[in-house]
Amino acid sequence: MKINVTTIGDLTFSLEVSEDLELENFKAFCEIESGVTTSEMIILFNNVPLNDDKKNLRDYGIKDGDLVSLQQVSSRFPASIVPTALEGLDFSAIQVPQTSSPSTPNRNNRFPGFNDDPAMIRDMVLANPDQLALLQQNNPALAEAVLSGSLDQFASVLRRQYVEKQQKDQQKMKLLSSNPFDSEAQRLIEEEIRQKNVEHNMETAIEYNPEIFGTVIMLYINCKVNGHHVKAFIDSGAQATIMSSAAAERCNIMRLVDTRWAGIAKGVGIQRIIGRIHMVQIQIENDFLTSSFSVLNDQPMDMLLGLDMLKRHQCSIDLKNNFLLIGTTGTKTPFLTEAELPDCARLTGSPEEEKKAIEESKKLAEELEIKEALERSSSGAGPSSSHKSSVPISDYKDRILPTDNFNENDIADLMKNGFDRSRCIEELRNFKGNKTQALASLFAKSLKF
């Protein structure tokens, strides 16, 4: 039969054993899996400790698929058996010799249950930039404490997170021990098994495909625009070739921007298009190629060669030989090495920069939606079903705002026809207080075919 065993830590495993197996032999199997010695091990079933090692699992009522809990206890004697004759002695006058030296790490920041020295952990993270970057993404609070330079602050954050984890583990263990067949307990077991599978998958990947955890640099080439050197990003997934406004200023071609082509560029994020330069010469090696640019306001990359440019000149990306082949001329230009990449080509930025970029994209998207809604309202058309207002409806659907061009009497006149207040207010806003158009829209939307 199969017995599931959980520990206070993150370890969960299963054992295929016989129901006639004695408890002491079952503990021996658990010792192999968990590393906890049988002398420090207590097995609990239904939150009741199993004390008789000579009984078999059937005698304890353990059946196939049951869950038992493994807990580790200290092998030291309890305080209750300490001889009482020592209780009257005063040891306060005894001086303990100081064995620490200036080179010994400060261990005052250690805390119960945590065996590692916080100072050593902090020094190891600071000595490994990759680990520090990973910590900044997965645990920003602890990473900030590492970079603060204060060991006490780092130890305090580490202690708090350690205690929180221990409390969660204890709550999980209590729930699993009290009623393992509860829906929440089953969910925890499922999540534990899933996490173990994820860890196993990552360990297998580290062993057999360690290269996938390395960083891959982006494809950049050297080129010239209007005689000025520019590092261009090769992006076959971009529809159009773009250039930042800063690079256009540096290349002295901002005077050619046609602002009639202004708009919004939507992709992974949202950016504002200033306009378009219809024709510019790009020098790649000894070739002079023509292309058009969309100029973006807040673009970190100087220039991005998109699919329009690559298809027009029949370019091929050769990853084996690491160069870009221009099909129309046969010219080859090598991709830049990691040392030659611009600063914006780093794979990831700080969490604060990424959060700021996301907030700016959301703000720009909201501005775009508001602009489109105002244009629809000014044209007298009702709201399109493909767009949603960026202003929460709950803020104004049942009350009149100072900017509204109608009053309570107008709302009451529309409500006499059987429509609710929120819909009447919505249509009056869409048609700038025109009751006739609002009423017609309400009737039109109420028709069903």
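Colleague: What covers the buried residues of H4?

Modeller: The cover includes helix H2 (118-127), helix H3 (129-138) and helix H5 (151-178). Contact here means heavy atoms within 4.5 Å. Helices are DSSP runs of H or I with at least four residues, strands are E runs of at least two, and both are numbered from the N terminus. This is a predicted model: local features need pLDDT of at least 70, side-chain atom pairs count only at pLDDT 80 or more, and totals for chains, interfaces and linings use all residues. Residues are numbered from 1 along each chain as its sequence is written, and side-chain values use heavy atoms, leaving out hydrogens and water.

Colleague: Which residues of H4 are buried?

Modeller: Buried means under 20% relative accessible area, exposed over 50%, partly exposed in between (1.4 Å probe, protein chains only). In H4 (residues 140-147), the buried ones are Leu142, Ala143, Ala145 and Val146. Seen down the axis of H4, they fall within an arc of 160°, so they line one face of the helix. That arc is taken from the directions from the helix axis to the C-beta atoms. Just after H4, Gly149 has a positive phi of about 85°.

Colleague: Is Thr333 buried or exposed?

Modeller: Thr333 is buried, at 2% relative accessible area. Its place is in strand E15 (residues 331-334). Leaving out residues up to four places away in sequence, Thr333 touches Ile221, Asn222, Ile284, Glu285, Phe323 and Leu324.

Colleague: Where is Phe213 found?

Modeller: Phe213 lies in the loop between helix H6 (183-208) and strand E6 (220-225). Phe213 is partly exposed, with a relative accessible area of 46%.
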